[in-house]
Structure formats: structure tokens, C-alpha cells
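Please look over the sequence and the structure below before going on.

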Amino acid sequence: MISVNSVTKRFGERVAVNNVSFTVETGEIMGFLGPNGAGKTTTMRIITGYMPPTEGSVRVNDMDVFEHPYEVKRIIGYMPEHPPLYLEMTVKEYLRFAAELRGLRGQRIKEAIDRVVELCGISHVFNRLVGNLSKGYRQRVGLAQALVHDPEVLVLDEPTVGLDPRQIVEIRQLIKDLGKDKTVILSTHILQEVTTICDSVTIINNGKVVASDKIENLSRRFAEKLSILIRVRRPEVIDIDKIRAIEGVENVQWSDEKSLRVYLSADVDIRERLAGEIFSMSAGLLEFRTETPGLEDIFIKVVTEELNVT
Ligand SMILES: Nc1ncnc2c1ncn2[C@@H]1O[C@H](COP(=O)(O)OP(=O)(O)OP(=O)(O)O)[C@@H](O)[C@H]1O
Ligand SMILES: [Mg+2]
């Protein structure tokens with residue numbers, strides 16, 4: 001389990017991470033989502049003990065990261081944004097080096113390497129120089145080094161960046177499998193990545209957490225803000241005030257010259273009433289569609305709302 005408690009990180013005047021708190025349960029995969037410069041990498045560096053917070057604390061499996069740096073590093077696998085790959089080493093040498101760094105010795109090194117080479121699909125590049133590998137394969141080697149000591153907790157900073165679509169599918173599946181018994185936090189810009197592999201999501205913007213929840217809860221919370229899109233043949237006969245007057249309607253706006261978007265308040269199902277009203281106006285109903293916000297809408301919404309505030 002990872003628990004981040006009121007973490008703030010300042011670089012001089014710049015506040016990169018601002019009072020961030022969240023937890024990731026054991027066996028949970030959390031997607032850490034946010035635009036460029038939001039503070040994802042900085043937060044991950046603090047979680048993995050590579051950088052101290054200015055304020056706040058992080059506990060991993062109930063150990064404070066800065067009070068127990070060695071114990072914590074032993075149970076964390078970290079794949080940084082730019083893994084420090086040694087380009088003049090072969091994959092084999094590099095993984096051996098990574099395993100030794102994590103305290104593995106003797107026969108356990110070979111076993112560990114065999115396991116991650118198989119897991120990450122890099123057996124056919126095993127004897128090649130890291131510097132000669134394609135970006136995608138370097139990424140896999142970066143993941144392999146994070147897994148070499150079979151850590152309970154995985155921190156992956158944009159693990160699918162630079163991979164081709166087929167590799168993305170494979171690596172996502174691998175992370176999903178690993179997440180069955182490990183605690184995983186992965187950062188990404190890709191919303192689809194979050195919906196396909198994560199159990200929960202934390203959205204960060206300008207260093208602040210703007211949303212943090214199970215994916216289904218987040219969708220449900222925002223789904224309360226349903227809207228209905230109505231497209232008609234004769235927009236000129238629509239009496240907007242009449243629609244606004246319907247109980248349960250929060251707002252009505254034209255989204256284009258023939259389409260109305262009706263925002264609903266929670267709980268009341270007014271679809272029948274609304275359709276009836278449009279019908280009685282003889283506006284020539286062409287389309288009537290309930291819109292549920294996807295994660296993308298939620299992301300844009302929380303990020304822009306936050307931007308509007310600052
Ligand atoms: N060592 C540093 N010194 C000064 N400022 C830094 C340092 N590291 C990060 N920052 C700043 O902190 C902010 C957060 O950066 P961070 O790399 O954590 O964002 P990110 O969410 O990982 O972005 P990206 O999606 O582009 O990787 C940025 O404004 C960045 O310029
Ligand atoms: Mg980053």
C-alpha cells in the first residue's frame with residue numbers, strides 16, 4: 001500500500017507538488033493522470049525515495065520512505081520517465097547490474113533475470129547492446145530492471161511512451177497481470193490507458209489533486225451531471241423558456257444551430273416529459289440522446305475548472 005500524506009515539493013519559488021494526498025491499496029492499479037508539468041514525475045520521485053518532499057510524508061507498506069530508505073527501495077520497483085540505461089552494456093549485463101544493485105546474489109540473480117526477460121519479452125535482444133535497441137525495447141528493458149527484485153510495489157512513470165500499438169497492448173496486459181498482487185501506480189497522459197488497466201485514478205493539475213477515486217465512482221459522480229442532446233428540424237419553433245421551466249432542467253443551451261443541449265439536475269428522470277414537450281412544439285425531432293460523460297470529459301472538466309480558478 002502507498003499512502004501519500006499532504007506532500008508539497010517546492011523548487012525555489014516554484015511549487016511543483018502542492019499538498020497532495022492519496023492512497024493506493026495493495027492489489028490496486030492507480031492511474032496518475034495529468035497534463036505536462038502537473039507534478040506526476042516529482043510525486044513519483046518522492047514516493048520512491050529519490051527526492052525528499054518539502055513538506056508531508058509518504059508511507060509504503062506502512063514504512064516511512066525517508067525513515068527506512070533501504071527497506072522501502074527493496075520493496076519498490078521504479079521505472080523512471082527516462083530509465084538510466086547504460087548504453088554500452090548488453091541487456092544481460094545491465095539486468096545483472098540492476099539485480100546486484102537491488103541486493104540479489106548468486107543463483108538468485110540468474111533466476112531473477114530469466115523471469116523478467118520472459119515477462120517483458122526481451123529474450124531475443126538479451127545479448128545486444130542497450131544502446132542499439134529501439135525505443136520500445138529500451139522501454140521494456142527499463143520495465144525489466146524495475147521488476148528484477150520482484151517488488152511488491154511498482155511505480156511506473158509513463159510506461160507505454162514510445163511503444164508501438166501492439167507493444168502497448170502487450171505491456172498494458174503485463175501491467176494488468178502484475179497488478180493482481182502488486183500495488184501499482186502508473187502515470188500517463190492517455191485516458192484510455194487508465195480506463196483499460198486501472199482500478200482507480202488520481203488526476204493532478206498544477207501540482208494539486210483535482211480528483212481521486214475509483215474509476216466507477218468518478219464516472220458515477222460526474223454522471224449525475226447528465227445532459228440530453230436534442231436535434232430538431234425546425235429550431236425556430238423551440239421555446240427555450242418552456243424547456244427551462246421543466247422541473248429537473250438545470251440549463252439549456254444551443255450546441256449548434258439545430259441542436260439543443262439540456263443539462264439535468266440529478267435524480268429526476270425527465271426524458272419522457274422533455275420528449276413530450278419537444279413533440280408538442282412540432283419542432284421535427286431528429287435526434288434525442290442522453291450523454292454520459294466519459295473519463296475524457298471528466299478530465300477536461302476538472303483540469304479546466306482548476307485552470308479557471310488560478
Ligand atoms: N528539479 C527541478 N527543478 C526545478 N523545477 C522542477 C524540477 N523538477 C520538476 N520541476 C518543475 O515541477 C513541475 C512539475 O514537473 P513534473 O516533471 O513533476 O511534471 P509531470 O507531471 O511529470 O509532467 P510530464 O507529463 O511532462 O512528464 C514543472 O513545472 C517542472 O518544471
Ligand atoms: Mg513526468
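## Valine 155 and the cores

When neighbours within four places in sequence are left aside, valine 155 is in contact with Met44, Ile47, Thr48, Ile76, Tyr78 and Ile185. These contacts, like every other value in this report, are computed from a model that is predicted. Valine 155 also belongs to the largest nonpolar core, which has 64 residues, and it is listed there with Leu95, Val116, Ala144 and Val148 among those that have the most contacts inside this core. Helix α5, which covers residues 135-147, gives the largest share of this core, namely six residues.

Another core lies apart from the largest one and has eight residues, among them Val232, Leu260, Val262 and Ile278.

## Helix α5

Helix α5 has 13 residues, and the distance from its first C-alpha to its last is 19 Å, which is close to the 18 Å expected at 1.5 Å a residue. Because eleven of its 13 residues are buried, α5 is largely enclosed by the rest of the structure.

The buried residues of α5 include the charged-side-chain positions Arg138 and Arg140, and also Tyr137, Gln139, Val141, Gly142, Leu143, Ala144, Gln145, Ala146 and Leu147.

## Around ligand 1

Which residues lie around ligand 1? They are Phe11, Arg14, Ala16, Gly34, Asn36, Gly37, Ala38, Gly39, Lys40, Thr41, Thr42 and Glu81. Two elements, β2 (14-24) and α1 (40-47), each give two or more residues to this shell, and α1 supplies the largest share, with three residues.

Sorted by class, the shell around ligand 1 has six polar residues, three nonpolar residues and three charged residues.

Is leucine 260 buried or exposed? Leucine 260, whose place is in strand β13 (residues 259-264), has 22 C-beta neighbours inside 10 Å and therefore counts as buried. With neighbours within four places in sequence set aside, leucine 260 is in contact with Ile230, Ile238, Val252, Trp254 and Ser255. Leucine 260 is also one of the residues of the core of eight, and its C-alpha lies 50 Å from that of valine 60, a residue 200 positions away in sequence.

Aspartate 62 is found in the loop between β4 (55-60) and β5 (63-64). Aspartate 62 has 8 other C-beta atoms within 10 Å, and so it is exposed. Between aspartate 62 and glycine 121 there are 33 Å in space, C-alpha to C-alpha, while the two residues are 59 residues apart in sequence.

## The protein as a whole

The secondary structure of the protein comes to eleven helices and 14 strands. Its C-alpha trace spans about 80 × 45 × 35 Å along the principal axes, and its radius of gyration is 25 Å, whereas a compact globule of 310 residues would have one near 19 Å.

Of the 310 residues in the protein, 35% are buried.

Technical notes:
Residues are numbered from 1 along each chain as its sequence is written. Chains are lettered from A and ligands numbered from 1 in the order in which they are written. This is a predicted model: local features need pLDDT of at least 70, side-chain atom pairs count only at pLDDT 80 or more; totals for chains, interfaces and linings use all residues. A nonpolar core is a set of buried Ala, Val, Leu, Ile, Met, Phe, Trp, Tyr and Cys residues joined through C-beta atoms within 7 Å. A residue is buried if 20 or more other C-beta atoms lie within 10 Å of its own, exposed if 12 or fewer, and partly exposed in between; C-beta atoms are placed from the backbone. Helices (H or I, at least four residues) and strands (E, at least two) are DSSP runs, numbered from the N terminus. Two residues are in contact if their C-beta atoms, placed from the backbone, lie within 7 Å. A residue is near a molecule or strand if its C-beta atom, placed from the backbone, lies within 6 Å of it. The expected span of a helix is 1.5 Å times one less than its number of residues. The radius of gyration is taken over C-alpha atoms; the globule rule is 2.2 Å times the number of residues to the power 0.38.
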